[in-house]
Amino acid sequence: MALTKYITIVTGVIRYNLKIIFAGKFFWFLLAAFAFFAFFMFQQAWNRSETNEGSIYSLLLFPCLLLIFYPVVFGIQNDEDNRILEIIFGIPNYRYKVWGLRMLMVYIANYFILVIFAYIARLLLYPVNIFEMAAQLIFPMLFFGNLAFMFSTLTRSGNGTAVIMIILGLVFFIFMNANSSISHSYWNVFLNPFSIPRDIHPMIWQNTILKSRLFLLIAGIIFLMTGLLNLQKREKFV
């Protein structure tokens, strides 16, 4: 009986947090992500461009970042608007029990959404491994999602965090595409693991991909921990 009650409580907590995370405007971000993805697929087919795993990854990258944008950027502001910050701060170790759990649920939910998107691309454009494609997209999602979460704990404003992330995204995109020495290095946060350069040995390229994913993962963990530590200063939020 104790185990059944525990499972019921955990399930209720997960459902409640999912309603908070994906309520409000997330549906519109999901719709926008699919609309952009559909438009990119149509453009790819209309122009009869070369289609492979690399091009599918590129098509999914922007929708992938849109999916993570709303839950992490406006998460704290939504809690403040709904006046539940005081309740959350009353939970022991709330940083890890509430926001840590929420971030985990966000990434799991978005992973399965990306699997669906990849499956649609597989049906309409090119046969890709949908689970591997979604897994590779999780790394830039972790990087930008946790970076946005960290800034949201500093600004305590969804709109302010959104402006910062848009500017940083443009800076990353322009700098890493303009600098040829970085575009195919593991420092490139937009590195396409399925697009193998012709002038690089496959073994070197595999090593570059491994370093790239480690860099994004470690940076994402640092951003997440910094954001969780910032939440310790509860007097700035209430």
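Predicted model: local features only at pLDDT ≥ 70, side-chain atom pairs only at ≥ 80, totals over all residues.
Q: How many nonpolar residues are in the contact of α2 with α3?
A: On the α2 side, the contact includes Phe-26, Phe-29, Phe-36, Phe-37 and Phe-40. On the α3 side, Leu-59, Leu-60, Leu-66 and Leu-67 are among the residues taking part. By class, the contact has no charged residues and two polar ones, while the count of nonpolar residues is 18.

Q: What share of the residues of the protein count as buried?
A: A residue is called buried when its relative accessible area is under 20%. The protein has 238 residues, and the share of them that count as buried is 44%.

Q: Why is α3 described as roughly parallel to α7?
A: Helix α3 covers residues 53–73 and helix α7 covers residues 130–155, and their axes come within 9 Å. Angles under 35 degrees count as roughly parallel. The α3 and α7 axes cross at roughly 30°, which means that α3 is roughly parallel to α7.

Q: How many charged residues are in the contact of α3 with α7?
A: The crossing of α3 and α7 is right-handed. Residues of α3 that take part include Ile-56, Tyr-57, Leu-60 and Leu-61, and they are joined from α7 by Met-133, Leu-137, Phe-144 and Phe-149, among others. By class, the contact has 17 nonpolar residues and three polar ones, and the number of charged residues is one.

Q: Is the crossing of α7 and α10 left-handed or right-handed?
A: Helix α10 spans residues 202–230, and its axis comes within 8 Å of the α7 axis, crossing at roughly 25°. That angle makes α7 roughly parallel to α10. The contact has 16 nonpolar, seven polar and one charged residues. The hand of the crossing is left-handed.

Q: Which backbone oxygen does the side chain of Thr-153 reach?
A: Thr-153 is found in helix α7. At 4% relative accessibility, this threonine counts as buried. At a distance of 2.5 Å, its side chain reaches the backbone oxygen of Met-150.

Q: Is Phe-194 buried or exposed?
A: Phe-194 lies in the loop between α9 (180–183) and α10. Leaving aside neighbours within four places in sequence, Phe-194 is in contact with Glu-53, Gly-54, Tyr-57, Glu-132, Met-133 and Gln-136. Its relative accessibility is 15%, so Phe-194 counts as buried.

Q: Which residue has its backbone nitrogen 3.0 Å from a polar atom of the side chain of Asn-188?
A: Asn-188 lies in the loop between α9 and α10 and is buried, with a relative accessible area of 7%. Beyond its neighbours within four places in sequence, Asn-188 is in contact with Met-176, Ile-182, Ser-183 and Ser-212. The backbone nitrogen found 3.0 Å from a polar atom of its side chain belongs to Phe-190.

Q: How far apart in space are Ile-108 and Ile-138, C-alpha to C-alpha?
A: Ile-108 is found in helix α6 (residues 94–124). At 43% relative accessibility, Ile-108 counts as partly exposed. Ile-108 and Ile-138 are 30 residues apart in sequence, and their C-alpha to C-alpha distance is 9.4 Å.

Methods
Residues numbered from 1 in each chain as written. Heavy atoms only, no water. Axes fitted to C-alpha atoms, helices over the stretch in contact; angles between N-to-C directions. Helix = DSSP H or I, 4+ residues; strand = E, 2+ residues; numbered from the N terminus. Parallel < 35°, antiparallel > 145°, perpendicular 65-115°, else oblique. Left-handed = near helix turned anticlockwise from the far one by under 90°. Contact = heavy atoms within 4.5 Å. Nonpolar A, V, L, I, M, F, W, Y, C, P; charged D, E, K, R; others polar. Buried < 20%, exposed > 50% of the residue type's maximum accessible area, 1.4 Å probe, protein only. Polar contact = N/O pair within 3.5 Å; in protein donor to acceptor, adjacent residues only side chain to side chain.
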